[in-house]
Amino acid sequence: NGKTGQCKMLAKLLDLPEEIELFADPTGEAGRKFGVSRGFRPDDESMPPFVKQFFSGIGIGPPWMTLPAVLPGYFGDPNGQRGWIETSLKQGQEAGRWPAVLEFDGKGNVIGNKFDNAPLVSDWGQR
């Protein structure tokens, strides 16, 4: 859900190849046809967007019972896989978006991840 300019900015920030086409849907109509929720109190213009995002982020709001899906994002999943996470970190690190958290070998393969030393969850596989 977003305007054309927002889609262009997203593509730029993520370094998406030009072959990937993003479609703007400012009203969210297309998403709703696929069952995508409009979020917490979508028509309440008196509530600042960051407050709505906060409530969604902690799992409050439609679709109800989102908290079980949100918690693994904060605490990890002992049965999870993290290949996609390291791929995303690598792309962002190589683009200079954040500090170096990954270590690479001479061929650009990930050989270390500073999150591997995180207390309590470092051996889970996904954080």
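Which helix is Gln-93 found in? Gln-93 sits in helix α5, which covers residues 83–94. Before going further, please keep in mind that this is a predicted model.

## Gln-93 and its surroundings

Is Gln-93 buried or exposed? With a relative accessible area of 14%, Gln-93 is buried, because buried means under 20%. Its side chain reaches the backbone nitrogen of Val-101, at 3.0 Å. Setting aside neighbours within four places in sequence, Gln-93 is in contact with Trp-98, Pro-99, Ala-100, Val-101, Leu-102 and Phe-104.

## Salt bridges

Side chains of opposite charge can pair when their charged atoms come close. How many salt bridges are there in this model? The count comes to three, and here they are side by side.

| Salt bridge | Closest N to O distance |
|---|---|
| Arg-32 and Glu-29 | 3.1 Å |
| Asp-44 and Arg-41 | 2.5 Å |

Next come Arg-32 and Glu-29, both in helix α2. They are three residues apart, which means that about one helical turn separates them. Arg-32 has a relative accessible area of 31% and is partly exposed; Glu-29 is partly exposed too, with 38%.

The remaining pair is Asp-44 and Arg-41. Asp-44 is buried, at 14% relative accessibility, whereas Arg-41 is partly exposed, at 43%.

## Two lysines

Two lysines are worth a visit. Lys-8 lies in helix α1, residues 4–13. Lys-8 counts as exposed because its relative accessibility is 60% and the cut-off for exposed is over 50%. How far apart in space are Lys-8 and Ala-24? From C-alpha to C-alpha the distance is 9.2 Å, and the two are 16 residues apart in sequence.

Lys-52, by contrast, is buried. Lys-52 belongs to helix α3, which runs over residues 49–57. Which side chain of opposite charge is nearest to Lys-52? That is Asp-44, 5.8 Å away. Lys-52 has no salt bridge, because a salt bridge needs a nitrogen and an oxygen within 4 Å. Asp-44 does form a salt bridge with Arg-41. Leaving out neighbours within four places in sequence, Lys-52 is in contact with Phe-40, Arg-41, Pro-42, Asp-44 and Met-47. Both members of the Asp-44 and Arg-41 salt bridge are therefore among the contacts of Lys-52.

## The largest pocket

How much space lies in the largest pocket? The volume is about 390 Å³. Of the 18 residues that line this pocket, the closest to its centre are Asn-1, Pro-26, Arg-38, Pro-42 and Lys-52. Lys-52 and Pro-42, both close to the centre here, are also in contact with each other. Which element gives the most to the lining of the largest pocket? That is α3, with four residues, and α3 is also the helix in which Lys-52 lies.

How values were computed. Residues are numbered from 1 along each chain as its sequence is written. This is a predicted model: local features need pLDDT of at least 70, side-chain atom pairs count only at pLDDT 80 or more; totals for chains, interfaces and linings use all residues. Side-chain values use heavy atoms; hydrogens and water are left out. Buried means under 20% relative accessible area, exposed over 50%, partly exposed in between (1.4 Å probe, protein chains only). A polar contact is a pair of N or O atoms within 3.5 Å; within protein, one must be able to donate a hydrogen and the other to accept it, and residues adjacent in sequence count only if both atoms are side-chain atoms. Contact means heavy atoms within 4.5 Å. Lys and Arg count as positive and Asp and Glu as negative; His and the chain ends are not counted. On a 1 Å grid over the protein atoms alone, a cavity is a set of points where a 1.4 Å probe fits but cannot get out, and a pocket is an open set with protein on both sides within 12 Å along at least five of seven lines; lining residues have an atom within 4 Å of a point. Grid points are joined across faces, edges and corners, and a volume is the space filled by probe spheres set on the points.
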